[in-house]
Amino acid sequence: MRIDGLPNRSKITQVQQRDDGAKPTRGVSKAGDSVEISPSGRQVSELNETLKNAPAEPNPRIKEIRGRVESGYYDSAEVRQEIAGALLNSSTAFHEVVDEVARVRDLQTELDTIPDTRSGRVDEARQRMGSGFYDQSEIREQTAQSFLDEIV
């Protein structure tokens, strides 16, 4: 098959194509060219640097604690009591959190005593509906206004 009108190009081998792609280009950049590294790219670079500078061995205290966990040291009641005492004596911030948790539990208990529906109010609303109370225009306006006030 022959195609007319195309310039005659010499064949380029795969090896030549591969070599051409691997050759460094020199002198291609122009004055004013710049490279901008994204914030996430900088963060990755910083994390890699931090990792390179990190000690090869973890903190020996961590090794000790892991050993204690694996041996069951923390399973005894005496040790748990000692840890709890140390936490309670450690700082006032811990006491504030404990007090807040206790207050939330008290409020939850108090909330649980309030019924979801108040049967007395439901009975009153049914009676008013039956008597036509809600058919009055000013009652409808008040109800609509109450809904709007609640939403806004």
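**Ground rules.** I am working with a predicted model, where local features need pLDDT of at least 70, side-chain atom pairs count only at pLDDT 80 or more, and totals for chains, interfaces and linings use all residues. I number residues from 1 along each chain as its sequence is written, and side-chain values use heavy atoms, with hydrogens and water left out.

**Whole chain.** I counted seven helices and zero strands, taking helices (H or I, at least four residues) and strands (E, at least two) as DSSP runs numbered from the N terminus. I then looked up burial, and 1% of the 152 residues count as buried. I noted an accessible surface of about 15000 Å², of which 53% belongs to carbon and sulfur atoms; the method is Shrake-Rupley with a 1.4 Å probe.

**Helix H7.** I checked the length of H7: its 15 residues should span 21 Å at 1.5 Å a residue, and the end C-alpha atoms are 21 Å apart, which agrees. The expected span is 1.5 Å times one less than the number of residues.

**Aromatic pairs.** I paired rings of Phe, Tyr and Trp (its six-membered ring) if their centres lie within 6.5 Å, with planes under 30 degrees apart called stacked, over 60 edge-to-face and the rest tilted. That rule gave me two aromatic pairs. Tyr73 and Tyr74 are edge-to-face, at 5.2 Å centre to centre and 80 degrees between the planes. Phe133 and Tyr134 are also edge-to-face, at 5.3 Å and 80 degrees. I found Tyr73 partly exposed at 36%, Phe133 partly exposed at 24% and Tyr134 partly exposed at 31%.

**Largest pocket.** I used this meaning: a pocket is an open set of points on a 1 Å grid where a 1.4 Å probe fits, with protein on both sides within 12 Å along at least five of seven lines, and lining residues have an atom within 4 Å of a point. The largest pocket has a volume of about 240 Å³, the space filled by probe spheres set on the points. Its lining includes Phe133 and Tyr134, along with Arg121 and Gln142. Helix H6 (119-131) and helix H7 (137-151) each give two or more residues to that lining, and H6 gives the largest share, four residues.

Definitions and conventions: Buried means under 20% relative accessible area, exposed over 50%, partly exposed in between (1.4 Å probe, protein chains only).
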